[in-house]
Structures are given as C-alpha cells and as structure tokens.
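Dear colleague,

Please read the text with the model open beside it.

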Amino acid sequence: MKEKLEQIREAARTQLAEAQADLEAIRIRYLGKKGELTGVLRGMGQLSAEERPKIGQLANEVREYIENAIAEKAEAQRKDALENKLKNERLDVTMPGKAPEIGKRHPLAQIQKEMEDIFVGMGFGIVEGPEVEYDYYNFQALNIPENHPARDTQDTFYITDNILLRSQTSPVQVRTMEKQKPPIRIISPGRVYRSDAVDATHSPLFHQLEGLVVDKGITMGDLKGTLETFAKTMFGDQTQIRFRPHHFPFTEPSAEVDVSCFVCGGKGCKLCKGEGWIEILGAGMVHPNVLRGCGIDPEEYSGFAFGMGIERVTMIKYGIDDMRYLYENDIRFLNEF
Ligand code: PHE
C-alpha cells in the first residue's frame, strides 16, 4: 500500500508537470469519490492496527501534496494566461494616431452661406422655390410672354409644354408676392438650369441668389445702398459699385451692376480683364406689370429686385478661372478652401 501511495504521488506529479494539464480531470482522477487515492483509503480497513496510522499519515501527505500541487498549477496557469493576454493585446501608444477626416462645405456652399449671412444681417428673410417650375412663374408672370425674345437667352429644359426647369430664381419673386403682402424683404438662393454647353463659364446647372424688396416708397437709392453694403462686405471696404443701364422684362428701369476690381482696385488686371470692373449681377425696380399680376397695386407700392450668380461670385472671390472645377469634386481642389 505504501508503494501504491508513492506511485499515485509520482503519477500526479508527472501529470501536473505538463503545461496544459487538465486540473479538474486530475483532481477527479486522484481525489474524486471514485479516485485512486480514495480507493486506497477505502482499503485501509484491512491493515493491521500498527500499520494503519503510518499509512494513514502517508495517505494524508499524498492528498495534501496533490491538493497543493493542483492549486499551485492553477495559479501558474492563470499567470501564464494573463501574460499571454497582455502580450497579445499590447498597444503601442507611441504609434502615430489616425487623424479623423473632417469634411467641410463646398466652396459654392461657403459663398452662398456668406451671401445669406450678409442679407440676413440687413433684415432679409430666406425663402425657397421649386426647381421644377411652371412656364407661368418662370416667364409669363415675369412679363415675358410666349415668343418674347428674352426667352432665347434663357433657353431651358422642358418637362412638358408648360412645366420646365427654372432658368432663373426670379419666379420666387412672383411666388412670394402672391402669398405675402408688403412689406417684403427676401432672398432666395438655389439651383437654376439652362440648356448651355459646358465650358469655362457655362454650365447647364448653376446657382443664383435672388433678392426682392417691396414696400411703400422703395426707390433705386434703396437698391444701390443694399447692393453697395453687400459688395463692401463681400469683397472689402474699398469696393465701389457701378450701375450700367440694361434691360430685363420684369424690372424697369433695369441695370447690370459691376463691382470695382478688388485685386487691382480699378487699374485693370488679369481678374477684371483690364476693365477695372467686374459684372456681378442684374437688378432693377420691379415692373408694374409684375406687381399688378401678383395683386399688388403699383400706385401704392414699389420694389426692387436683383439676381446674382453664386458661381460667378465664388469664382471672382477666389480667383477661379474655370467653372468646371466647381463641379468636378476633385478633393485636391476642394481642399484649397
Ligand atoms: N433673373 C435675371 C437673370 O437671370 C437677373 C435679375 C434678377 C435681373 C432680378 C433683375 C432682377 O439674368
């Protein structure tokens, strides 16, 4: 029996020496109810009274030995596992981080926002109108009857005979005056369409910002003051504006408005093509026919309107010489702004 106990101790020692030893299986094998050591203890009854305490003591030693060895091994395995985990999950905090890429507004959207802020600062509200528009709002209500030559310069895309993609933001003037009685003071930015071939200064889709003010006693002086404030805020305090007579069917009188070149200050340079002035918009006093068509009495009220190209202002302000850059979405170009 003594040998048997020594054997058990030895066998347990060998098994526990293995790195991956299954501790629970070992415990059951030796110390479990049907385990080998338990088996030996059961046979103790057959021993002589003299031998029994000696074997009993040895058996206890062997049990203690196995129990301790299992506990030590468990601790060793736990440490190993932890070390492995730490090794595998190690993080090199000295590695350079990944900078999150933050998007930003497209240059056209930046300029549009800047324009909006300037007019909102002067008390204008912002309204929107549909891009798919009736011929009535885009032309007829703006004093451009069928077959009027002004339609040629604004040839657009037709959905049906009387539904089209708006060629200007001016229809929003009419929609606003139909809904709202004076005083009116609004701007309306948005997309417009014309059936133009793409080149450095043309695109079938571009953006305009319309302005409209209607009230009692509105004069061309108000128009000039408003546009001058806009020009100085947008292009710098030195900026002058200049009105040139022009014709739009829906304003009378009408003008094209230039700003003094903010690069050369009027001497003439590449940006202004030697002119000293840069055209930025069309404007005028709202035509009595347009007011009347919207149910506003031109004897009582007057107003001014203007419309400018957002691409145009963006290109001037940033010195962009080809409009196509604005639509290609080349990230190298966009990152410049
Ligand atoms: N809608 C005109 C255009 O696209 C510009 C304009 C707007 C002119 C308002 C006068 C008044 O050319």
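Of the 15 residues around the ligand, the ones that come nearest are Gln168, Ser170, Arg194, Gln208 and Gly307, where a residue is near a molecule or strand if one of its heavy atoms lies within 4 Å of it. The model is a predicted one, in which local features need pLDDT of at least 70 and side-chain atom pairs count only at pLDDT 80 or more, while totals for chains, interfaces and linings use all residues. Residues are numbered from 1 along each chain as its sequence is written, and side-chain values use heavy atoms, with hydrogens and water left out.

An N or O atom in the side chain of Gln168 is 2.7 Å from a nitrogen atom of the ligand, and a polar side-chain atom of Ser170 lies 2.9 Å from a nitrogen atom of the ligand. For Gln208, a polar side-chain atom lies 2.9 Å from an oxygen atom of the ligand; a polar contact is a pair of N or O atoms within 3.5 Å, and within protein one must be able to donate a hydrogen and the other to accept it, with residues adjacent in sequence counting only if both atoms are side-chain atoms. Taken alone the ligand exposes 330 Å², of which the protein buries 92%, the accessible areas coming from the Shrake-Rupley method with a 1.4 Å probe, and for residues only the protein chains shown count as cover.

Next come the helices. Two packed helices are described by the angle between their axes and the distance between the axes. Helices (H or I, at least four residues) and strands (E, at least two) are DSSP runs numbered from the N terminus, and axes are lines fitted to C-alpha atoms, for helices over the stretch in contact, with angles running from 0 to 180 degrees between N-to-C directions.

The axes of helix α1 (residues 2–17) and helix α4 (residues 51–88) come within 10 Å and cross at roughly 5°, which means that α1 is roughly parallel to α4 (angles under 35 degrees count as roughly parallel, over 145 as roughly antiparallel, 65 to 115 as roughly perpendicular and the rest as oblique). By class, their contact (heavy atoms within 4.5 Å) has 13 nonpolar, no polar and five charged residues, where Ala, Val, Leu, Ile, Met, Phe, Trp, Tyr, Cys and Pro count as nonpolar, Asp, Glu, Lys and Arg as charged, and the others, Gly among them, as polar.

Helix α1 also meets helix α2 (residues 23–31), with axes that come within 11 Å and cross at roughly 175°, so α1 is roughly antiparallel to α2. That contact is made by Ile8, Ala11, Ala12, Gln15 and Leu16 of α1 and Leu23, Ile26, Arg29 and Tyr30 of α2.

Helix α5 (residues 107–121) and helix α11 (residues 310–318) pack at an angle of about 100° with their axes 9 Å apart, and they are therefore roughly perpendicular to each other.

Finally, some backbone details. Most residues other than glycine have a negative phi, and most peptide bonds are trans. A cis peptide bond, with omega about 5°, joins Pro182 and Pro183, and Pro183 lies in the loop between α8 (171–179) and β5 (184–193).
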